[in-house]
Amino acid sequence: MSDLPTTTTTTPFTRALLAGAIAGTTVDLSLYPIDTLKTRLQSSNGFYPSGGFRGIYAGVGSALVGSAPGAALFFVTYEGIKSHLRAFGERNVTAVAWGEPVEHMVAASAGEVAACAVRVPTEVIKQRAQAAQQPSSMAALRFVLAQRLDIGTLGVWREMYRGWGITIMREVPFTAIQFPLWEWTKAWRRRRTGREEVSAVESGLLGSVAGAVAAGLTTPLDVLKTRMMLAREKQAAWPLFRRIWNESGPKAFVAGIGPRIMWISAGGAIFLGSYQWAYNTMAGVT
């Protein structure tokens, strides 16, 4: 590591692409068991019928396939739009100044929409294996693809992207909270230390706090998303919301909040810390 150059030949696009891929794979694999427990707590079948503490790595194959491209898509979009918005604001001094928090919210929201192109089908397959509806990711994928004769290719496509809308509804508010908070705390830390960039450890700790706050506030949307993806038949968000409310009351919408906060808090530390480490390394920042 000491032989790494202090100057970089990689472009910001390449750094965001590779650092995002490393971060996504690292966090998903390291915290997969907690994600499985959270999914089972939110399942309408109940925790133990969905597998309990058994087979907590069920569905990990789909996470392996989707982690790197999903996170890479997010960070490429995020860093790209963020830099373009900043450049636009600098060139157009008469334009309305939206400020850095708005730049981060818009860029992060666009990044999430791009990442969901990979994340949603990955989540559909992964959560069906996690909730013991299928024995593995491959079995869950084959089950969906086998429906082509009954529902057609378009129907299979819709099945793979079941929950797209509610996932966007969950991820955009989550990211709109987490990333401006993370960027703000990083800027605060840079002012305090006088350094050009925060370290990977600092980024991870700040990302952990930002992730915990965002996770707690968006848990109801996460519950609704999980129920939609696990349902035997496709259901609309609002009727499902009312049914859950009528059958289980408001407490159902905080199911799994503890594991979710713990998972995303730890995940924020690993995800944003490893991203910062990879980005700083490729940028030649010491």
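Reader: How far apart are the end C-alpha atoms of helix 1, and what should its 19 residues span?

Author: The end C-alpha atoms of helix 1 are 27 Å apart. At 1.5 Å a residue, its 19 residues should span 27 Å, so the two agree. The expected span is 1.5 Å times one less than the number of residues. A helix here is a DSSP run of H or I, at least four residues, numbered from the N terminus.

Reader: Where do these values come from?

Author: This is a predicted model, where local features need pLDDT of at least 70, side-chain atom pairs count only at pLDDT 80 or more, and totals for chains, interfaces and linings use all residues. Residues are numbered from 1 along each chain as its sequence is written, and side-chain values use heavy atoms, with hydrogens and water left out.

Reader: Which residues of helix 1 are buried?

Author: Arg15, Ala16, Ala19, Gly20, Ala21, Ala23, Gly24 and Val27. Buried means under 20% relative accessible area (1.4 Å probe, protein chains only).

Reader: What covers them?

Author: The cover includes helix 3 (60–91) and helix 11.

Reader: How do helix 1 and helix 11 pack?

Author: Helix 1 (residues 12–30) and helix 11 (residues 257–283) pack at an angle of about 150°. Their axes are 8 Å apart. The two helices are therefore roughly antiparallel (angle over 145 degrees). Axes are lines fitted to C-alpha atoms over the stretch in contact, and angles run from 0 to 180 degrees between N-to-C directions.

Reader: New topic. What about helix 7 and helix 9?

Author: Helix 7 (residues 164–193) and helix 9 (residues 219–230) pack at an angle of about 155°, with axes 9 Å apart. That makes helix 7 roughly antiparallel to helix 9.

Reader: Which residues make the contact?

Author: Helix 7 gives Ile166, Thr167, Met169, Arg170 and Pro173. Helix 9 gives Leu221, Asp222, Leu224, Lys225, Met228 and Met229. Contact means heavy atoms within 4.5 Å.

Reader: How many residues does helix 7 have, and what follows it?

Author: Helix 7 has 30 residues. It reaches 42 Å from its first C-alpha to its last, close to the 44 Å expected. Gly194 follows helix 7, and its phi is positive, near 75°.

Reader: Is Lys186 buried or exposed?

Author: Lys186 is buried, with a relative accessible area of 6%. Its place is in helix 7.

Reader: Which residues does Lys186 contact?

Author: Leaving aside neighbours within four places in sequence, Lys186 is in contact with Glu197, Val198, Ser203, Leu206 and Gln276.

Notes:
Parallel < 35°, antiparallel > 145°, perpendicular 65-115°, else oblique. Buried < 20%, exposed > 50% of the residue type's maximum accessible area, 1.4 Å probe, protein only.
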